[in-house]
Amino acid sequence: MNRLNIQRQADRRDEILSAAQRCFVRSGFHQTSMQEICTEAGMSAGNLYRYFPSKETIIAGIQRHAALEIARAIANPHQNAHHRREVRESLSQFADIALGSIQEGDTEVALAAIHAIRELVCNDYAPVKEKLPPHWFTISHEDMPGASDQTIVQVDRTRTWLEHVVLAT
């Protein structure tokens with residue numbers, strides 16, 4: 001497969017993930033059907049299932065996307081606000097899926113979402129944290145809504161915004 005096709009597939013996968021996340025935000029994970037994701041992504045069900053055979057595989061896709069955003073933050077440090085926002089939104093999505101799944105009595109999906117958070121923090125973030133540029137850790141109230149000024153200063157000083165977001169989610 002040539003490079004252009006690989007990039008096209010990666011771009012399409014990102015489009016599907018974005019469409020799925022919009023659907024999950026609008027309707028919740030359990031109330032969103034694969035057909036709704038197809039409609040939002042502007043594709044057929046057969047095409048969607050080639051990329052993601054189930055909603056559960058979309059959770060893993062969101063985690064991989066967030067991991068890629070961390071890698072992009074290292075490679076392109078001038079886009080940190082965008083990359084940080086993408087990671088924060090993924091963490092929020094995982095928390096919403098986990099809590100919604102607990103309410104639905106769907107332990108398997110709840111654990112998949114919790115596992116995605118663990119993978120992102122332990123395997124994708126912690127090993128490269130020191131490679132992230134200093135301004136990755138400079139945050140504002142947008143990054144941590146509701147946090148006090150004192151908390152923002154403390155998080156900036158300790159370079160722990162992602163850890164705080166995980167614990168607050």
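Predicted model: local features only at pLDDT ≥ 70, side-chain atom pairs only at ≥ 80, totals over all residues.
## Helix H1

Helix H1 covers residues 3–27. Its length fits a simple check. At 1.5 Å a residue, the 25 residues of H1 should span 36 Å, and the end C-alpha atoms are 36 Å apart, so the two values agree.

Several H1 residues are buried: Arg 12, Ile 16, Leu 17, Ala 19, Ala 20, Gln 21, Cys 23 and Phe 24. After H1 comes Gly 28. The phi of Gly 28 is positive, near 90 degrees.

## Helix H6

Helix H6 runs over residues 107–125. The 19 residues of H6 should span 27 Å at 1.5 Å a residue; the end C-alpha atoms lie 26 Å apart, which agrees. H6 also has a kink of about 25 degrees, centred on Glu 119.

The buried residues of H6 are Val 109, Ala 110, Ala 113, Ala 116, Ile 117, Leu 120, Val 121 and Tyr 125. Their packing partners are helix H4 (55–75), helix H5 (80–104) and helix H8 (161–168).

## Gln 63, a buried residue in H4

Gln 63 sits in helix H4. Is Gln 63 buried or exposed? Its relative accessible area is 12%, so Gln 63 counts as buried, the cut-off being under 20%.

Leaving aside residues up to four places away in sequence, Gln 63 touches Phe 94, Ala 116, Glu 119, Leu 120 and Asp 124. Two others, Ala 116 and Leu 120, are among the buried residues of H6. Ser 44 is 19 residues from Gln 63 in sequence, and the two C-alpha atoms are 24 Å apart in space.

## The largest pocket

The largest pocket holds about 200 Å³ of space. Its lining consists of Asp 14, Leu 17, Ser 18, Gln 21, Arg 22, Val 25, His 65, Glu 86, Glu 89, Ser 92, Gln 93 and Asp 96.

Which helix gives the largest share of this lining? H1 does, with six residues. H1 and H5 each supply at least two residues. By type, the lining divides into two nonpolar, five polar and five charged residues. Leu 17 and Gln 21 belong to the lining, and both are also buried residues of H1.

## The second largest pocket

About 180 Å³ of space lies in the second largest pocket. Arg 88, Leu 91, Ser 92, Asp 143, Met 144, Pro 145, His 164, Val 165, Ala 168 and Thr 169 line this pocket. H5 and H8 each give at least two of the lining residues.

The lining here divides into five nonpolar, three polar and two charged residues. Ser 92 lines this pocket, and Ser 92 lines the largest pocket too.

Most residues other than glycine have a negative phi. Arg 159 has a positive phi, near 55 degrees, and is not a glycine.

Where is Arg 159? Arg 159 lies in the loop between helix H7 (149–158) and H8. Arg 159 has 23% relative accessibility, so this residue counts as partly exposed.

Note on methods:
Residues numbered from 1 in each chain as written. Heavy atoms only, no water. Helix = DSSP H or I, 4+ residues; strand = E, 2+ residues; numbered from the N terminus. Expected span 1.5 Å × (residues − 1). Bend = angle between axes of the 7 residues up to and from the residue. Buried < 20%, exposed > 50% of the residue type's maximum accessible area, 1.4 Å probe, protein only. Contact = heavy atoms within 4.5 Å. 1 Å grid on protein atoms, 1.4 Å probe; cavity = no way out; pocket = protein on both sides within 12 Å on 5 of 7 lines; lining within 4 Å. Points joined across faces, edges and corners; volume = space filled by probe spheres on them. Nonpolar A, V, L, I, M, F, W, Y, C, P; charged D, E, K, R; others polar.
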